[in-house]
Each structure stands twice: as structure tokens, then as C-alpha cells.
Amino acid sequence: MSILSLFVVIPALMLLGLWIARNLNQVRGVMVAGSSCLLALSVWLTVAFIQARQSGNTDPMLFTYSVEWFKPLNIAYAVGVDGISVVMLLLSSIIVFTGTFASWQLKPLTKEYFLWFTLLSTGVFGFFICVDMFTMFMFYEVALIPMYLLIGVWGSGKKEYAAMKLTLMLMGGSALLILGILGIYFFNGATTMNVMEIAANNHIPHDVQNVFFPFIFIGFGVLGALFPFHTWSPDGHASAPTAVSMLHAGVLMKLGGYGCFRVAMFLLPSAAQDLSWIFIILTTISVVYGAFSACVQTDLKYINAYSSVSHCGLVLFALLMMTKTACTGAILQMLSHGLMTALFFALIGMIYGRTHTRDIRQLGGLMKIMPFLSVGYVIAGLANLGLPGFSGFVAEMNIFVGSFENDDTFHRTATIIACTSIVITAVYILRVVGKILYQKVTNPHYLELTDATWDERVAVCCLIFCVAGLGIAPLWVSNVINDAVGPILNVINF
């Protein structure tokens with residue numbers, strides 16, 4: 001059995017431990033132990049992967065393992081990782097670990113909440129390690145289903161509406177996905193569902209690729225907040241509890257970009273070349289529309305939710321540019337956005353837990369009242385607007401430089417339009433920071449509030465360390481990603 005299977009086994013053991021836990025301390029103990037093991041495992045895997053590449057191992061996938069699961073359809077439990085999968089697993093484990101501490105004080109039904117939270121994590125980890133299309137789809141569905149209950153039961157505001165809207169739209173995307181997966185399978189000879197084997201022996205006719213590419217790309221793109229299928233995202237983010245927003249925006253939305261690149265573009269390369277212009281237009285709209293929408297919001301969660309639409313739009317935008325620099329930037333953006341949006345949602349949840357409002361018109365002077373949380377919010381904002389020294393700058397520089405490498409008018413015009421989002425992002429970030437942190441205290445009762453507790457400080461400090469660390473020393477990550485992006489682009493740009 002591959003070491004990668006531990007990313008599914010550990011969450012399964014966590015589910016068992018949570019089921020038999022009898023009090024809140026035992027529930028917390030299971031979550032801390034399990035999430036710590038997942039974080040340690042992902043760090044070990046990252047180091048082992050880098051060492052394997054440095055030693056000269058050039059296999060497309062490492063730590064591979066495959067066992068036949070359902071022979072009539074050639075479905076297998078097949079796992080393996082490249083540089084993209086490794087950094088996504090590392091991101092997921094960081095968010096699960098910090099999300100555990102961000103949910104430390106959650107009540108009621110804490111045990112049930114963590115059961116669904118862990119099941120959601122199981123689906124995410126399973127999706128990133130699998131290379132069999134059907135098994136990927138199965139874990140994809142496992143990751144989506146718990147969102148309904150996590151938002152509908154433990155959420156706030158219009159939680160039932162948001163949970164139902166999210167579920168229906170993402171399940172609609174799943175319906176498109178299964179059609180696309182079956183189309184790839186049968187038109188490639190119905191011999192395997194392994195992504196790497198299909199890419200190596202691709203016999204899908206050009207006209208068939210053009211039919212099924214939109215199914216796959218839109219199916220995954222719905223989760224990646226592709227315009228105009230993004231409308232579930234702001235409502236879902238705004239209504240979700242803190243740690244679910246962290247995992248939702250920080251990791252779950254990355255399944256969309258990962259799937260678009262790994263499945264749609266990798267397995268249907270000629271269709272990606274032919275139809276990319278359509279989706280470049282849609283993603284450019286996502287980038288600019290999301291940024292402008294964030295400017296006019298007054299709810300902190302809605303501001304960050306629309307910001308996520310813009311930043312996730314940049315991921316798909318860069319992937320469709322099909323240059324190595326841009327695609328590397330897209331993966332870096334997935335990692336960077338996952339960290340900084342998780343930091344944002346964690347801080348917003350902590351502020352809301354004290355002030356009981358997310359309306360920026362009712363907040364003010366928080367820097368005086370809760371300096372630790374306020375400084376964390378400033379750091380998250382600076383990372384979000386792409387300040388040098390933070391992860392956002394590294395990712396966006398690669399995206400825009402790589403996109404501009406295409407020397408035709410269409411691609412460069414789209415790149416220039418997308419670049420305007422940098423200015424718009426600075427506007428809404430600085431507006432919010434100035435309003436809620438530095439203006440006078442709007443409510444005298446706020447002066448009695450306390451700053452972050454120890455568990456909240458653990459989550460915030462871990463995320464700040466990662467955001468700053470990626471910005472200061474990005475080379476090791478970009479090298480790992482580069483090694484994985486190259487072979488995929490060789491197939492796409494055949």
C-alpha cells in the first residue's frame with residue numbers, strides 16, 4: 001500500500017475516534033491528534049518528493065500504487081503525486097490543522113460538526129492523491145456532500161438558502177463532470193480510467209474532444225467560481241461557520257482549478273487549444289467582476305467571498321494561457337489564495353464572535369481594542385493585494401508575466417484587463433482596513449471586548465507564517481510546481 005493512502009486512512013481513523021468520543025475534550029483531542037498527523041505527513045511527503053526529484057527521479061508520478069476495484073469499467077484505486085498534488089496536500093493539511101483550532105469554541109453539536117468536517121477533509125485529500133478519474137470523482141462528491149449540513153446546521157444568516165443553492169449548483173456541475181468522464185473513457189477505447197495512461201495513449205478524435213471539453217471544464221469550473229456559475233460562492237461563504245469557510249475557500253475551490261488542469265486540459269488538449277478563448281473571456285470577467293463586486297459590499301464575509309471569485313478566476317485565467325510561467329503562477333495562486341483567504345475567514349469569524357456583526361459600517365477602532373486580530377487582518381489584506389514579501393505577489397507576478405508571453409492581441413488585451421484587478425483589490429482592502437481598524441470606536445461596548453485566545457492565536461500565527469514564508473522564499477515551491485507543469489503543458493501544447 002502506498003504511503004499516500006494514509007491521507008485517507010488517518011481521516012477515517014479520526015471519524016472512528018470522533019464517533020466513540022464521549023466528551024468535548026476527547027473530541028478536541030481526536031481532532032488535534034489527527035490534524036497534526038496529517039500536517040506532519042504532508043511535510044514529510046513534500047521533503048521526500050523534493051529529495052526524490054533532486055536524486056534524479058523523473059517519473060511523472062511518485063509514490064504510485066494501483067489495485068483493481070471494478071473490472072467491468074476498468075476502475076482502480078490508483079494513487080500518485082506530482083509537484084502540483086504535493087503542494088495541494090500540504091495546503092489542505094495546513095487548513096485542516098488551523099481550522100481545528102479556529103473551531104475550538106464551536107457549540108452546539110461539536111462532535112457532529114467535526115464528524116462532517118473530517119468527512120469533507122477526507123474527500124479533499126482523496127481527490128488530490130487519486131489518478132483514476134472515477135475514484136477522483138467519487139472523492140470529489142464526498143467533499144461536496146458535507147457542505148450542505150455544515151452550512152445548513154452550523155451556519156448563520158440565510159443558511160438554509162445558501163446551503164441548498166450551493167448543493168444544487170455544485171451537483172449540477174457534477175452531472176456535467178460524469179458525462180465528460182464517461183465520454184473520455186468510452187471514446188478513448190474503454191480500457192482505462194487512469195489519467196496518466198489516457199494522456200499517454202490518447203485516441204480521442206478532435207471533434208469529440210470539442211464536445212466533451214466544455215462538460216469537464218464547466219463541471220470543475222463551477223467549483224472554481226467560473227462566471228456565470230459563481231453565484232453560489234458568496235452566499236455559501238457568508239453563511240458557513242468559520243472553519244468551513246476556511247476549508248471551503250482555502251481548499252475546496254482549488255479542486256476546481258486542479259480538475260480543469262489535470263483532467264479537462266490534460267486529456268482533451270486539442271479542444272483546450274480550440275475553445276480556450278471562450279473561457280479566457282469568462283475568466284477575465286470573473287477576475288474583474290469579483291473585484292468590483294467586493295468594492296460595494298458592506299459585509300466582511302461577502303467582501304472576502306467576492307475577492308475569492310476574483311482570485312480563483314485568476315487561477316483559471318492563467319491555466320488557459322498555457323505558458324509555463326502562467327501555469328506555475330496559477331498553482332502558486334491556488335496555494336497563496338488558500339492560505340490568505342483562510343486567514344481572512346478565520347479573522348472575520350473571530351471578530352464576529354466578539355462584536356456579533358460583520359457590517360463594516362458598525363465596526364471601527366478595532367486596532368485599539370483587539371490589536372493581535374487587527375494586525376493579523378492587516379497582514380492578510382497586504383497579502384491579498386499583492387504586496388511584495390507575501391505570497392500574493394509571487395503568484396500574481398508569475399500569472400501576469402506568463403500571460404503576457406503570448407504575443408497576440410487577444411491574449412495581451414485580456415491580460416491587461418485582468419491586471420486592473422490589482423488596483424481594484426487595493427481599493428477595497430485599504431477601504432476596509434481603514435474603516436474597521438483605524439477609525440473611532442463606533443460602539444462603546446466594544447471597549448470591553450477581549451483580544452484573541454490561545455487557540456485563535458495558534459491558527460492565525462500558523463497561517464501568517466505560511467503566507468509570509470511563501471512570499472519570502474518561494475523558489476522551492478515554484479521549482480516543485482515547475483517540474484509538474486512542464487509534462488502537462490508538453491501534452492497540451494503538442
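A: Arg 358 and Asp 299 join their side chains in a salt bridge, with N and O 3.0 Å apart. A salt bridge here is a side-chain nitrogen of Lys or Arg within 4 Å of a carboxyl oxygen of Asp or Glu. Side chains of opposite charge can pair when their charged atoms come close. The model is predicted, so local features need pLDDT of at least 70 and side-chain atom pairs count only at pLDDT 80 or more, while totals for chains, interfaces and linings use all residues. Residues are numbered from 1 along each chain as its sequence is written, and side-chain values use heavy atoms, with hydrogens and water left out.

The two partners are 59 residues apart and link distant parts of the chain: Arg 358 is in the loop between helix 14 (324-355) and helix 15 (366-369), and Asp 299 is in the loop between helix 12 and helix 13. Helices (H or I, at least four residues) and strands (E, at least two) are DSSP runs, numbered from the N terminus. Arg 358 is buried, at 13% relative accessible area, and Asp 299 is buried as well, at 18%. Buried means under 20% relative accessible area, exposed over 50%, and partly exposed in between, using a 1.4 Å probe and protein chains only.

With a relative accessible area of 25%, Thr 298 is partly exposed. Apart from neighbours within four places in sequence, Thr 298 is in contact with Arg 358, Asp 359, Ile 360 and Arg 361; contact means heavy atoms within 4.5 Å. Phe 97 is another matter: Thr 298 and Phe 97 are 201 residues apart in sequence and 30 Å apart in space, C-alpha to C-alpha.

Two of the residues that Thr 298 touches, Asp 359 and Arg 361, form a salt bridge with each other, the closest N and O atoms being 2.8 Å apart. Asp 359 is buried, with a relative accessible area of 15%, whereas Arg 361 is exposed at 56%.

His 356 is in the loop between helix 14 and helix 15. His 356 is not a glycine, yet its phi is positive, about 60 degrees. His 356 is exposed, with a relative accessible area of 61%.

Ala 225 also has a positive phi in a residue other than glycine, near 60 degrees. Ala 225 lies in the loop between helix 8 and helix 9 and is buried, with a relative accessible area of 0%. Pro 228 lies in the loop between helix 8 (206-223) and helix 9 (232-239), and a cis peptide bond with omega of about 5 degrees joins Phe 227 to Pro 228.

Returning to charged pairs, the whole structure holds 6 salt bridges. One of them pairs Asp 82 with Arg 262, with the closest N and O atoms 2.7 Å apart. Asp 82 lies in the loop between strand 2 (75-81) and helix 3 (83-102) and Arg 262 in helix 11 (residues 254-267), so the pair ties together parts that are 180 residues apart in sequence. Asp 82 is buried at 3% relative accessibility, and Arg 262 is buried at 5%.

The axes of helix 16 (residues 371-384) and helix 18 come within 9 Å and cross at roughly 170 degrees, which makes helix 16 roughly antiparallel to helix 18. Axes are lines fitted to C-alpha atoms, for helices over the stretch in contact, and angles run from 0 to 180 degrees between N-to-C directions. Angles under 35 degrees count as roughly parallel, over 145 as roughly antiparallel, 65 to 115 as roughly perpendicular and the rest as oblique. On the helix 16 side the meeting residues include Tyr 377 and Val 378, and on the helix 18 side they include Ile 429 and Val 432. The contact of helix 16 with helix 18 divides into 8 nonpolar, 4 polar and no charged residues. Ala, Val, Leu, Ile, Met, Phe, Trp, Tyr, Cys and Pro count as nonpolar, Asp, Glu, Lys and Arg as charged, and the others, Gly among them, as polar.
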